[in-house]
Amino acid sequence: MRVHVADHPLVAHKITLLRDERTNSATFRALAEELVILIGYEATKQLKTETVAVTTPVTETTGQKLSEPLPLVVPILRAGLGLLEGMLRLLPTAEVGFLGMVRNEETLEASTYAERLPDDLSGRQCYVLDPMLATGGTLAAAIRFLVDRGADHITAICLLTAPEGCERVEKELDGLGVPITVVTAGMDERLNEKGYIVPGLGDAGDRLYGIVG
């Protein structure tokens, strides 16, 4: 598994604003959208393209367009929805699937409660949106779910990650045989006893929507 931490002044600036407990939900959503565009640019460097002919006002030449099947963007509900709009601004032709997963706050294990995905993901490049890679259980389960459907190239886009989460994802997916990349705006220090990222930004879903649950 490859982990790429974005290194850009604008990313650092926006993450700082996200961390601030005084940042309201409307501003938080706008910042999250801006951030996913910035780090999504890094995450999509390996997009598959094909050569096509194109006629300019001056001459004929060749260029590149996204190959089919088109990439699939998969937000993990509910917090992943906060990153979807920004990702679609970057990749407007991408298709969207949804994966509902919930973490048991006692065991920290993730379970699937809903999904809306193609039955066959063979040949699809999948971009999983999960704002916080904390314990890693949810993301690992989501990636394995996609691989079971045939996905063979998966990139996770996260606002913040914890070392423990990255280690768990790598361990649980060891030997999967599918290239996995995590692109994040920041690698934080650690997890606390409740499984929250420190210093983190709190619960991303609550910060995005202002509703606990």
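Predicted model: local features only at pLDDT ≥ 70, side-chain atom pairs only at ≥ 80, totals over all residues.
Residues are numbered from 1 along each chain as its sequence is written, and side-chain values use heavy atoms, with hydrogens and water left out.

A204 has its place in helix α6, which covers residues 204-209 (helices are DSSP runs of H or I with at least four residues, strands are runs of E with at least two, and both are numbered from the N terminus). With a relative accessible area of 7%, A204 is buried, where buried means under 20%, exposed over 50% and partly exposed in between, for a 1.4 Å probe and protein chains only. Apart from neighbours within four places in sequence, A204 is in contact with F28, A79, P131 and M132, contact meaning heavy atoms within 4.5 Å. A204 and S25 are 179 residues apart in sequence, yet their C-alpha atoms are 10.0 Å apart in space.

A nonpolar surface patch is formed by M1, V3, V5 and M187, which together have about 280 Å² of accessible area. M187 lies in the loop between β12 (180-184) and β13 (190-191), and M187 is partly exposed, at a relative accessible area of 35%. Patches are made of residues with over 30% relative accessible area and no salt bridge, like charges being joined within 9 Å and nonpolar side chains (Val, Leu, Ile, Met, Phe, Trp, Tyr) within 5 Å; a salt bridge is a side-chain nitrogen of Lys or Arg within 4 Å of a carboxyl oxygen of Asp or Glu.

Terms used: Areas by Shrake-Rupley, 256 points an atom, 1.4 Å probe, with all protein chains shown as cover.
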